[in-house]
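Hello,

Here is the structure I promised to pass on to you.

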Amino acid sequence: MIKKQRIAGRQTKIVKLPKCAGISKTKAMLMYHAQLKKHNRLGAGRFLSQRTISIGTDNSWFNAQIIPRNPAWVPVTNANYVWFSGNLSAENAVISTRFSLSQRRAILAATLFLSVDNFAVVIINGVPVVYDAPQNTPSFYNTGRTFDVRRFLRRGRNDIVIIAFNFGGPRSDANPAGVAARLDIRLSSLQ
């Protein structure tokens with residue numbers, strides 16, 4: 001924190017946001033496209049043809065590693081808390097998954113549940129769906145929100161990239177960070 005002199009002679013505290021705070025949409029999209037390039041080298045992803053689908057964060061997500069759930073974090077059914085597998089102490093984590101939905105089924109409903117310590121950007125098929133504002137307190141934790149994402153999904157290939165940020169520096173026991181997400185999709189009968 002920096003103390004700054006006010007005109008009236010009283011000091012005020014100014015909290016400096018971390019480097020990751022205030023990420024522009026342009027920067028988020030650059031990170032999204034970089035992640036897709038990595039996916040393209042790995043292959044097509046998984047094909048999902050059943051009517052009810054639940055995709056939760058786990059080690060199958062690209063760049064993700066399961067981490068222990070902090071006792072303050074809510075449990076997320078069918079998902080694990082994860083962080084960047086390349087460096088579990090990193091200030092941010094860019095994780096993603098790719099999957100294909102049947103061309104013969106319509107998407108009837110789709111929701112994304114997201115729980116993150118501290119904040120995140122979620123991009124689905126090139127569209128920013130969640131764009132959290134940075135929080136200037138290390139104790140901020142979003143216990144979970146549900147988003148209707150049906151209009152962002154499509155038949156065929158889908159890409160989801162989550163860019164999660166930890167406020168206050170690297171992830172540690174004293175400054176925990178994690179993200180858990182679950183995508184629930186309901187498809188029609190075969191057409």
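A word on the source before the findings. This is a predicted model, in which local features need pLDDT of at least 70 and side-chain atom pairs count only at pLDDT 80 or more, while totals for chains, interfaces and linings use all residues. Residues are numbered from 1 along each chain as its sequence is written, and side-chain values use heavy atoms, with hydrogens and water left out.

**The sheet around E12**

Let me start with an open sheet of five strands, which run in the order E3-E7-E12-E9-E10 with mixed pairing. Strands here are DSSP runs of at least two residues (E), as helices are runs of at least four (H or I), and both are numbered from the N terminus. Two strands pair if DSSP finds at least two bridges between them. At the edges sit strand E3 (46-48) and strand E10 (127-131), each of which pairs on one side only. On average, neighbouring strands of this sheet are turned by 25° against each other, direction ignored; the axes behind such angles are lines fitted to C-alpha atoms (for helices, over the stretch in contact), and angles run from 0 to 180 degrees between N-to-C directions.

E12 pairs with E7 in the antiparallel sense over 10 bridges, and Thr97 has Ile160 of E12 as its bridge partner. The pairing of E9 with E12 is also antiparallel, over six bridges. There, Ala120 has Ala164 of E12 as its bridge partner. How many of the 10 residues of E12 are buried? Nine are, so E12 is largely enclosed by the rest of the structure. Buried means under 20% relative accessible area, exposed means over 50%, and partly exposed lies in between (1.4 Å probe, protein chains only).

**Salt bridges**

Side chains of opposite charge can pair when their charged atoms come close. The rule used here asks for a side-chain nitrogen of Lys or Arg within 4 Å of a carboxyl oxygen of Asp or Glu, and by this rule there are three salt bridges.

In one of them, Arg98 meets Asp159, with the closest N and O atoms 2.6 Å apart. This pair links distant parts of the chain, as Arg98 is in strand E7 (residues 92-101) and Asp159 in strand E12, 61 residues apart. Both Arg98 and Asp159 are buried, and Asp159 has a relative accessibility of 1%. Asp159 also forms a salt bridge with Arg157, where the closest N and O atoms are 3.3 Å apart. Arg157 counts as partly exposed because its relative accessibility is 39%.

Asp184 and Arg182 form another salt bridge, at 2.8 Å from N to O. Asp184 is partly exposed at 24% relative accessibility, whereas Arg182 is buried at 17%. As for shared partners, salt bridges join Arg98, Arg157 and Asp159 into one network.

**Aromatic pairs**

A pair of aromatic rings is described by the distance of the centres and the angle of the planes. Rings of Phe, Tyr and Trp (its six-membered ring) pair if their centres lie within 6.5 Å; planes under 30 degrees apart count as stacked, over 60 as edge-to-face, and the rest as tilted. Searching the whole structure gives two such pairs.

Trp73 and Tyr81 form a tilted pair, because their ring centres are 4.7 Å apart and their planes meet at 35°. Trp73 is buried at 3% relative accessibility, and Tyr81 is buried at 3% too. Phe119 and Phe165 count as stacked, because their centres are 5.2 Å apart and their planes are at 25°. Since Phe119 lies in strand E9 (residues 119-124) and Phe165 in strand E12 (residues 156-165), the pair ties together parts that are 46 residues apart in sequence. Phe119 is buried at 2% relative accessible area, and Phe165 is buried at 2% as well.

**A loop residue**

Where is Asn63 found? Asn63 is in the loop between strand E4 (52-56) and strand E5 (64-66), and is buried with a relative accessible area of 16%. Among the residues Asn63 touches are Gln35, Trp83 and Val94, not counting residues up to four places away in sequence; touching means heavy atoms within 4.5 Å.

Best wishes
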